[in-house]
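Here are my notes on this model. Please read them with the coordinates open.

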Amino acid sequence: MKKALVLGATGSMGNALVNALTRRNIPTIAFSRSLNKLEEYKKDWNPSVELFAGDALKKTDIEKAIANADYIFHAINVPYQDWQDQLKPLLLNILHECRKQNKPFIYVDNIYSYGRQLQKTTELAIKQPHTKKGKLRLQLLKEIEASGVSYLIAHFPDFYGPKAGNTLLQYTFEQVLKKKSGGFIGDLTIPREFIYVKDGAEALVDLAMHEGAYGETWNIPGAGTITGREIQQILSEYFGCDIRLSRIHKWMIQAIGLFQPFMREYVEMMYLNETPVILDGIKFETRIGQISKTPYELGIKETLNEMRKN
């Protein structure tokens with residue numbers, strides 16, 4: 001049976017991919033820089049998962065890891081502050097080995113390269129990013145398309161869910177768990193799109209196992225849109241008390257950014273909270289099948305249950 005390699009296995013999507021692959025009895029290699037973290041995560045993974053501690057910026061590590069797999073999933077999370085220095089060298093390193101070893105490349109991407117979109121966004125939308133992060137992501141997409149590698153690119157909305165790490169909703173949930181109130185980045189009345197990371201992983205595995213999906217870009221949307229007010233209501237029902245979320249404005253992000261590198265780098269992406277990009281998944285559903293869409297109420301409650309365990 002063919003084997004999958006998940007690069008960035010201890011990140012939010014990487015962890016979900018390991019679980020999605022092993023649920024289908026696909027042999028899986030989990031790759032991450034920290035062996036300790038891999039061993040910690042393995043407690044919740046299928047015992048069959050192979051661990052590979054390595055650095056994706058080191059050609060020898062990537063060469064060895066890719067040599068033992070048939071499908072290469074790139075789900076490595078790089079902190080915002082390291083994007084400029086690390087994203088492109090890391091990608092080129094992986095693409096070089098995929099090309100040399102003739103292995104298919106499955107890429108987890110966000111929505112930044114789409115830039116501002118005024119309507120529901122299909123894969124045919126013209127990409128005109130206006131932020132430095134969006135422009136960098138677009139450069140990476142062009143590198144993939146010109147690489148000569150068999151590839152598929154999947155665009156996702158913001159993640160939330162178990163082990164989702166540094167995400168917008170996770171930031172809010174952490175505060176609410178501590179003090180029964182919290183900040184919400186952006187206007188609480190504007191509908192935003194998020195994706196439960198388990199749903200995203202299942203959809204991506206569906207794509208990867210579909211031969212006709214390669215050589216294309218795909219949108220994988222979440223379970224519709226939701227406002228901060230609606231999230232506040234779900235949190236109130238979960239905790240059985242009145243939960244108040246307060247709006248975090250751009251100037252507040254700038255102030256927090258004086259002390260937190262993630263927030264400092266996030267400032268230019270605040271437009272997504274004012275004119276959100278909403279993905280159209282009709283291409284996926286027409287050619288691949290239905291996307292699992294966990295209702296926000298259930299996904300948020302499952303996320304909070306998981307966070308309270310840790």
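1. Basis. This is a predicted model, where local features need pLDDT of at least 70, side-chain atom pairs count only at pLDDT 80 or more, and totals for chains, interfaces and linings use all residues. Residues are numbered from 1 along each chain as its sequence is written, and side-chain values use heavy atoms, with hydrogens and water left out.

2. Strand 5. Helices (H or I, at least four residues) and strands (E, at least two) are DSSP runs, numbered from the N terminus. Strand 5 spans residues 105–109. Five of its five residues are buried, so the rest of the structure largely encloses strand 5. Buried means under 20% relative accessible area, with a 1.4 Å probe and protein chains only. F105, Y107 and D109 cover one side, I106 and V108 the other.

3. Neighbours of strand 5. Strands pair if DSSP finds at least two bridges between them. Strand 4 (residues 71–74) runs parallel to strand 5, joined by three bridges. Strand 6 (residues 151–155) also pairs with strand 5 in the parallel sense, over five bridges. Y107 is the bridge partner of H74 and stands opposite I153 in strand 6.

4. T172. This residue sits in helix 6 (residues 168–179). T172 is buried, with a relative accessible area of 1%. Leaving aside residues up to four places away in sequence, T172 touches G183, F184 and L245; contact means heavy atoms within 4.5 Å.

Conventions: Buried means under 20% relative accessible area, exposed over 50%, partly exposed in between (1.4 Å probe, protein chains only).
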